[in-house]
Amino acid sequence: MLLPFIFLILLAGGAVLAAQSSINGRLGAKTGVIESAWLTFIMGAVLTFLLMFFFEPAHEATLFSVPKWQLTGALFGVVYMLAIVFAVPRVGTAAATVAVISGQLLMSLLIDHFGWLDNTVRPLDGSRYLAMVLLIGAIGLIYLSHQQRHRRMVNQPG
């Protein structure tokens with residue numbers, strides 16, 4: 001019965017990411033994209049250091065002994081943070097979140113299908129292809145909604 005608990009944790013994590021995107025987007029619009037991202041990483045570094053120091057059990061490998069390509073994952077967090085802080089004030093939290101989630105899902109399907117990054121191969125099937133089509137449709141609908149809203153605001157008098 002651990003599986004439902006794990007999905008609840010993931011759902012909460014997704015909700016927190018949407019809130020973080022909105023908050024950091026507003027902060028970035030006022031203080032700058034890099035400053036907002038910097039604050040997130042400093043706070044994250046302090047919190048994760050404390051969690052690691054007090055609660056993380058010993059593991060067989062360390063950051064110094066794992067294959068070096070595995071350390072590049074840390075750089076992707078920087079790309080995500082800068083992209084979201086830049087995008088949210090311009091397109092809104094929903095559009096930015098849908099685009100990010102769609103990018104995550106599309107890339108995860110490719111990673112699974114090809115077994116990239118030392119993962120187990122999980123081939124694409126009909127339901128996964130349908131998921132990709134629906135994701136692209138969701139991005140398209142959000143984009144159209146954003147464009148229509150922008151046109152209405154531009155065409156409003158005064």
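User: How much accessible surface does the protein have, and what share belongs to carbon and sulfur atoms?

Analyst: Accessible areas here follow the Shrake-Rupley method with a 1.4 Å probe. The protein comes to about 12,100 Å², with 74% belonging to carbon and sulfur atoms. This is a predicted model: local features need pLDDT of at least 70, side-chain atom pairs count only at pLDDT 80 or more, and totals for chains, interfaces and linings use all residues. Residues are numbered from 1 along each chain as its sequence is written, and side-chain values use heavy atoms, leaving out hydrogens and water.

User: What share of the residues is buried?

Analyst: Buried means under 20% relative accessible area (1.4 Å probe, protein chains only). Of the 158 residues, 15% are buried.

User: Which secondary structure does the protein have?

Analyst: Helices are DSSP runs of H or I, at least four residues; strands are runs of E, at least two. The protein has five helices and zero strands. Its pattern along the sequence is α-α-α-α-α.

User: Which residues does the UniProt annotation "transmembrane region" cover?

Analyst: UniProt annotations may be inferred rather than shown by experiment. The unreviewed entry gives 37-55, 75-106 and 126-144. Residues 37-55 are 100% helix, with end C-alpha atoms 26 Å apart. Residues 126-144 are also 100% helix, and their end C-alpha atoms lie 27 Å apart.

User: What is the radius of gyration of the protein?

Analyst: The radius is taken over C-alpha atoms, and the globule rule is 2.2 Å times the number of residues to the power 0.38. The protein has 19 Å, whereas a compact globule of 158 residues would be near 15 Å. The C-alpha trace spans about 65 × 45 × 35 Å along its principal axes.

Technical notes:
Buried means under 20% relative accessible area, exposed over 50%, partly exposed in between (1.4 Å probe, protein chains only).
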